[in-house]
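Here is a brisk report on the structure shown next. Keep the sequence and the 3D view open while reading.

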Amino acid sequence: MADASGAQSMSIIVTKGTLDWAYPPMILSTTAAAMGLNVTLFFTFYGLTLLLKDPKLRMSPLGNPAMKMPMMGGHLGLPNIMSMIPGVDAGATVMMQDMMKKKGVASFEELRSLALESDVRMIACQMTMDLFEYTLDDMIPGIELGGAATYIEVATQSEINLFI
Amino acid sequence: MADQTLDAKGLNCPLPILKAKKAITALPVGGTLEVLATDPGAVKDFAAFSRTTGHELIEQTTEGNVFRFVLKRKA
């Protein structure tokens, strides 16, 4: 619901921590904030990776038949048996980062800073922080801890609630 | 002539919108911002940005592969 100033709200539950899946929550939250919405991100399970001071995000073609990289005028996917070879994930990650740079896509770190700068509220799930033995010291400053009830309260006050 | 120009050429979604938002809020009410972008998605996005925020899209032209938008800061 619109707050006292008339601003609408959006919340996103962020559950994934690979380079590719790091983008949708960051793009949507920065854009919504730019469009005047109050935005809250709730990071849980692998989503917590996105809050690490040095996240070193990676991605993998393994088990992802939809991941086809543009190559020599076509699109190339990798069979799982090749994706298993050590170094393939690192190679795919570097390739994706190069491609993003060439096409003017913001880096993950840049989007994350822009999100914090535009007052996107970031809540790390306390239970999964405990589960994976992370402390606030591992995370970027400016985030808070919370649980399911904290998220649900935010969700009841938001027009848009997404799960990524 | 707009009061200020933002060159967002070569930048991809959502950077032109994010930079435009920063630039327009730095202007006084009624001030105009010209944005130059090459992202074809910007055409629909600036229209949606304008409708949602109330910053009026007063001009929109295309020259070659460059899209030009002029936004007017709302009160």
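Which residue in β5(A) is the bridge partner of T40(A)? The partner is R121(A). Note that this is a predicted model.

**The strand β5(A)**

That bridge belongs to a longer pairing. Strand β2 of chain A, residues 38–43, is joined to β5(A) by four bridges, and the two run parallel. Within it, I123(A) stands opposite E144(A).

How many of the five residues of strand β5 of chain A are buried? The count is five of five, across residues 121–125. In a regular strand, side chains alternate between the two faces of the sheet. Here both faces of β5(A) are covered. R121(A), I123(A) and C125(A) are buried on one side. M122(A) and A124(A) are buried on the other.

From β5(A) the path goes over helix α5 of chain A, residues 126–131, to β6(A). Together the three elements make a β-α-β unit, and it is right-handed.

**Chain A as a whole**

Chain A holds six helices and seven strands. Along the sequence their order is β-α-β-β-β-α-α-α-β-α-β-α-β. The C-alpha trace spans about 55 × 35 × 25 Å along its principal axes. Of the 164 residues in chain A, 30% are buried. Among contacts in chain A with a separation of 6 or more, 73% join residues 24 or more positions apart.

T150(A) lies in helix α6 of chain A, residues 148–156. Is T150(A) buried or partly exposed? It is partly exposed, because 16 other C-beta atoms lie within 10 Å, and a residue needs 20 or more to count as buried. T150(A) and M96(A) are 54 residues apart along the chain, and their C-alpha atoms are separated by 35 Å.

| Helix | Residues | First to last C-alpha | Expected span |
|---|---|---|---|
| α1(A) | 16 residues | 23 Å | 22 Å |
| α2(B) | twelve residues | 16 Å | 16 Å |

In α1(A), the buried residues include L19(A), A22(A), P25(A), M26(A) and L28(A). The run from S29(A) through T30(A), T31(A), A32(A) and A33(A) to A34(A) is buried too. What covers them? The cover includes β1, β2, α3 and α4 of chain A, together with α1 of chain B. Just after α1(A), G36(A) takes a positive phi of about 95 degrees.

In α2(B), residues 42–53, the buried residues are A42(B), F46(B), F49(B), S50(B) and T53(B). They sit on the same side of the helix, because they cover an arc of only 95 degrees around the axis. The face turned away from that buried side carries the exposed residues K44(B) and R51(B). Cover for the buried residues of α2(B) includes α1, β2, β3 and β4 of chain B.

**Helix α4(A)**

Helix α4(A) buries L111(A), R112(A), L114(A) and A115(A). Why do these buried residues line one face of the helix? Seen down the axis of α4(A), they fall within an arc of 160 degrees, so they line one face. They pack against α1 of chain A together with α1 of chain B. D119(A) follows α4(A), and its phi is positive, near 65 degrees.

**Where the chains meet**

The contact takes eleven residues from chain A and eleven residues from chain B. On the side of chain A that touches chain B, the largest share comes from helix α1 of chain A, residues 19–34, with four residues. That side of chain A divides into six nonpolar residues, four polar and one charged.

Notes: Residues numbered from 1 in each chain as written. Chains lettered and ligands numbered in written order. Predicted model: local features only at pLDDT ≥ 70, side-chain atom pairs only at ≥ 80, totals over all residues. Contact = placed C-beta atoms within 7 Å. Nonpolar A, V, L, I, M, F, W, Y, C, P; charged D, E, K, R; others polar. Buried ≥ 20, exposed ≤ 12 C-beta atoms within 10 Å, placed from the backbone. Pairing = 2+ DSSP bridges. Right-handed = clockwise from strand over helix to strand, strands pointing away. Expected span 1.5 Å × (residues − 1). Arc of directions from axis to C-beta.
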